[in-house]
Amino acid sequence: FRGGVAPEIRAEVWKFFLGYFEPDVTLDERTQFESRSNAEYQLYKQQWTSITEDQERRFKKFRDRRARIEKDVVRTDRGLAFFEGEAGLTHTEQLKDILLTYCFYNFDLGYCQGMSDLLSPLLVVIEDEAAAFWCFVRLMKRMGGNFQRDEDAMTRQLRQVGILLKTVDLELWTHLERVDGLNFFFCFRWILLQFKREFDFESLTLLWEVLWNAPERDGIGYHIWMCVYLLTSMRRVILAQQMGQDELVQHINDLSGSLNAVDVIVKTHALFVAFEEVN
């Protein structure tokens, strides 16, 4: 699962990875399914495009969610050619439309900051608004808990980072305990955005393909192992500089876009296998 997918088939394969297509469907069945899914998407989309100005004045939640989405999409992945020029404006509009439609698909969760970051690569790769929407729906079935207000899912995953790190590198864990860093808040963005800010776009597509298909161990997702590997890879500078939480957050931010995906994937796997063999 570490090799990733050839770019020329990535759009189609991601639909299988994310559960949009069942693994045993034929080409004809996929074509029919996509036609039905597109029609269903349009029905959800129509629920908000048909809202009148008069209705909107009495619909604060819609106004608030649309304002947040419009603010975020114009700042999402501005460096990608996909969002540049005249075509880029169309794609940004599609990004907004998908997120607003998702609010009407999932009223309870709606829109939270960070969702545009997770949707953008899906739209860039798949290049179809309706299919990107349904793939996003399925991604949110996996990750929606990370955006809940109670933050229970995020707290549980950050706790898993701590449990695993204590086993793998007690010295580093002890340092973090001393600087009140055992909430592992500096890993929050890694988990919420699945390392979106840490890698360039091409590297990220490979990384996500690995994360979507990697095994779990004792209920601990592969992304948690990746968090632990990244922390241990920084241990020398963390310990030498006696970094506290603020310094760690800054150090991690400074690494954005500079990490080598293949190196991280291979060494995370080595950590996973070594731990499995010992235990």
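In the predicted model, E12 is partly exposed, with a relative accessible area of 29%, a class lying between buried (under 20%) and exposed (over 50%), as computed with a 1.4 Å probe on protein chains only. Residues are numbered from 1 along each chain as its sequence is written. Because the model is predicted, local features need pLDDT of at least 70 and side-chain atom pairs count only at pLDDT 80 or more, whereas totals for chains, interfaces and linings use all residues, and side-chain values use heavy atoms, with hydrogens and water left out.

E12 forms a salt bridge with K15, the closest N and O atoms being 3.5 Å apart; the term denotes a side-chain nitrogen of Lys or Arg within 4 Å of a carboxyl oxygen of Asp or Glu. The two residues are 3 apart in helix α1 and are thus separated by about one helical turn, helices being DSSP runs (H or I, at least four residues) numbered from the N terminus. K15, at 7% relative accessibility, counts as buried. By the same rule the count comes to 23 salt bridges, among them that between the side chains of R10 and E209 (2.5 Å, N to O), which links helix α1 to helix α11 across 199 residues; R10 and E209 are both buried.

K196 lies in the loop between α10 (188–192) and α11 (201–213) and is likewise buried, with a relative accessible area of 7%. Contacts of K196 (heavy atoms within 4.5 Å) include D77, D117 and W208, residues up to four places away in sequence not being counted.
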